[in-house]
Amino acid sequence: MKPLEQLVVLDLSRVLACPFATMVLAELGARVIKVEQPGSGDETRSFEPQLACDSAYYFACNRSKESITVNLRSDEGRKIVRELAAKADVVVENFPVGTLGRYGLDFASLSALNERLIYVSCTGFGQTGPYAEKKGYDTVFQAMGGLMSLTGEKGGGPVKPGLPVADLTSGLWVAIAILAALAGRARTGKGCHVDFSMLDGQVALLTLAAARFFALNEVPPRLGTEHPGRVPSATFRCKDGKYAHITASDQHWLPLCSSLQIEDWGKAFADNAIRVERRDEVMKVLTQRIEKLKRHELLERLDAVDVPVGPVNDVAEILRDPHVRARRLVGSFDYPGVGEFRALALPYKFLGWDPPEIGRPPTLGEHTERILSFLNYSKEDIEKLREKRAI
């Protein structure tokens, strides 16, 4: 048994943030019913990279779900969604503010049918505030939320991270909100509306940067891979052109210096506060010593004395890493027309519950008839819906 079995999630979302959240729930055991536009479906089905059918982008965040195609612009289609919401525990949507209200599918309308319903609205800027109607994407939220201002090399311009961090972390925020609301409902029997703003989610992640601002009135500068309050914590280029990242606290400093054969020099910098104050001098010496070693030599030396260090892996390197393999983070599923496709497992290992399993994503509308049968529609009813282009 998985921890979220018996949970029914009606997923009205598309693209990345919310589909990522609902995929996490699905692989923890929830039944996730993904509502898609007839004919086209979630727009990420057409995104690059394209496979024989559908896309790897779509695959990444829509595993283990069921797909029903419903035309929300039709009366019959909206009726289907209301009937599903009446049976669901959770509704997740990321339409622009006010859109589902015009369709009679907002929280007020659906909670009137199901008082236990947890309804999550994920938008760029929330349901209220001066930006509520503003449009945005992942990189806009990274920029506005402060993350991009912190990312980049010293003296250089802002840089976006290599992954859509705003979308992915928003998905995690949404999943956390749903689990919190479910825990609350278990006590009260009542559902709720969750108003989540992706900008809010990015601001909430500022944590340490915001703490430095609150404490010191300091606007943190871009430092590349360095840490504002710890030296050394940075990426170093080795003799073979490969990179390694070292993060050392005071207890690691002298073992680090000893392994680099600069122990006598290092004794003058045993306290982190001194190293931060004289950052440029410390980093210059470390850089000169490390660039004389091949990466595997550096890793062996520092691992031997328990100094925290790791190679800067590219995607291919980390996905074939023996530890990642041993932890079973890379698996696969079979998809019609594509065959076996590799995928990343959820990073949970449960004792007492069945572990998450990688399921395949649904083809467009694959489960339409099964879901309508769940709502007691007959084959004749379903055929009439098709004739009306409601599904």
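Let me start with G29, which comes just after helix α1 and takes a positive phi of about 115°. Residues here are numbered from 1 along each chain as its sequence is written. The model is predicted, so local features need pLDDT of at least 70, side-chain atom pairs count only at pLDDT 80 or more, totals for chains, interfaces and linings use all residues, and side-chain values use heavy atoms, with hydrogens and water left out.

A word on naming: helices (H or I, at least four residues) and strands (E, at least two) are DSSP runs, numbered from the N terminus.

Back to α1, residues 17–27. Of its 11 residues, 11 are buried, meaning under 20% relative accessible area with a 1.4 Å probe, protein chains only. Among them are C18, F20, M23 and E27.

What does α1 lie across? Helix α1 lies across β1 (8–11), β2 (31–36), β4 and β5, and runs at about 160° to β1. Angles run from 0 to 180 degrees between N-to-C directions, with axes fitted to C-alpha atoms, for helices over the stretch in contact; contact means heavy atoms within 4.5 Å.

Now the sheet. Six strands form an open sheet in the order β3-β2-β1-β4-β5-β6, with parallel pairing; two strands pair if DSSP finds at least two bridges between them. β3 (66–69) and β6 (192–197) are at the edges with a single partner strand each, so one side of each has no neighbour in the sheet. The twist averages 20° from one strand to the next.

Within the sheet, β4 (residues 90–93) and β5 (residues 118–123) pair in the parallel sense over four bridges, and V92 stands opposite V120 in β5. Helix α8 (residues 165–188) also packs on the sheet, touching β4, β5 and β6, and its direction makes about 160° with that of β5.

Methods
Buried < 20%, exposed > 50% of the residue type's maximum accessible area, 1.4 Å probe, protein only.
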